[in-house]
Amino acid sequence: MLHQLALALILFAIGGMAWVTWGIFVRVSASIFMHWAISYLAHTRGPSDWAVKDASVQGHNIAWLAIPTMGESWHGNHHAFPTSARHGLYPGQIDPGWWVIQGLEALNLVWDVQTPTTLPPRSNLIALTERARNFQGKKSPL
């Protein structure tokens, strides 16, 4: 956690301990809690569009966690396309993390960004919903 020290010093200089509390302690605690929530909830319950053959753990989508987890809560999509930068694949699946990556890409700060449409097909995927079945073999689910 030493990498937080520089930001903590800046926040302290600007606004004192209250800014450090909100800018470091609350922010890091919320981040850790969201990571735990996804690790537990998205691997145990919820809807999913995909199943991965021979996977011991399946991913599930937890819609109410989409905003605080920056889209990581579309975990069924993440398990289906683990190297994709985009997790919210279908209309209504809010994915703020994808929006940030698109912004970085527009600024030429990242490149070779992978999405399900640019990844090779996976033979071990099972489509569980109509929209997933319609996605297979098409270039884009959107």
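Predicted model: local features only at pLDDT ≥ 70, side-chain atom pairs only at ≥ 80, totals over all residues.

Modeller: Residues are numbered from 1 along each chain as its sequence is written, and side-chain values use heavy atoms, with hydrogens and water left out.

Colleague: How many salt bridges are there?

Modeller: The rule asks for a side-chain nitrogen of Lys or Arg within 4 Å of a carboxyl oxygen of Asp or Glu. By that rule, the count is two.

Colleague: Which residue meets Arg131 in a salt bridge, and at what N to O distance?

Modeller: The partner is Asp49, and the pair links distant parts of the chain, 82 residues apart. Asp49 sits in the loop between α2 (17–41) and β1, while Arg131 is in helix α5 (residues 130–135); helices (H or I, at least four residues) and strands (E, at least two) are DSSP runs, numbered from the N terminus. The side chains of Asp49 and Arg131 meet at 2.9 Å.

Colleague: Is Asp49 buried or exposed?

Modeller: Buried means under 20% relative accessible area, exposed over 50%, partly exposed in between (1.4 Å probe, protein chains only). Arg131 is partly exposed at 36%. Asp49, at 3%, counts as buried.

Colleague: Which residue forms a salt bridge with Arg133?

Modeller: Both partners lie in helix α5, three residues apart, about one turn of the helix. An α-helix has 3.6 residues a turn, so residues three or four places apart point the same way. The closest N and O atoms are 3.4 Å apart, and the partner of Arg133 is Glu130.

Colleague: Which backbone nitrogen does the side chain of Asn61 reach?

Modeller: Asn61 lies in the loop between β1 (50–52) and α3 (75–80). Asn61 is buried, with a relative accessible area of 6%. At 3.0 Å, its side chain reaches the backbone nitrogen of Gly76.

Colleague: Which residues of helix α4 are buried?

Modeller: Helix α4 covers residues 96–106. Leu104 belongs to this helix, but Leu104 is partly exposed at 31%. The buried ones are Pro96, Gly97 and Trp98.

Colleague: What accessible area does the nonpolar surface patch have together?

Modeller: Patch residues have over 30% relative accessible area and no salt bridge; like charges are joined within 9 Å, nonpolar side chains (Val, Leu, Ile, Met, Phe, Trp, Tyr) within 5 Å. Areas come from the Shrake-Rupley method with a 1.4 Å probe, and for residues only the protein chains shown count as cover. Met70, Val100, Leu104, Leu107 and Leu109 together have about 450 Å².

Conventions
Polar contact = N/O pair within 3.5 Å; in protein donor to acceptor, adjacent residues only side chain to side chain.
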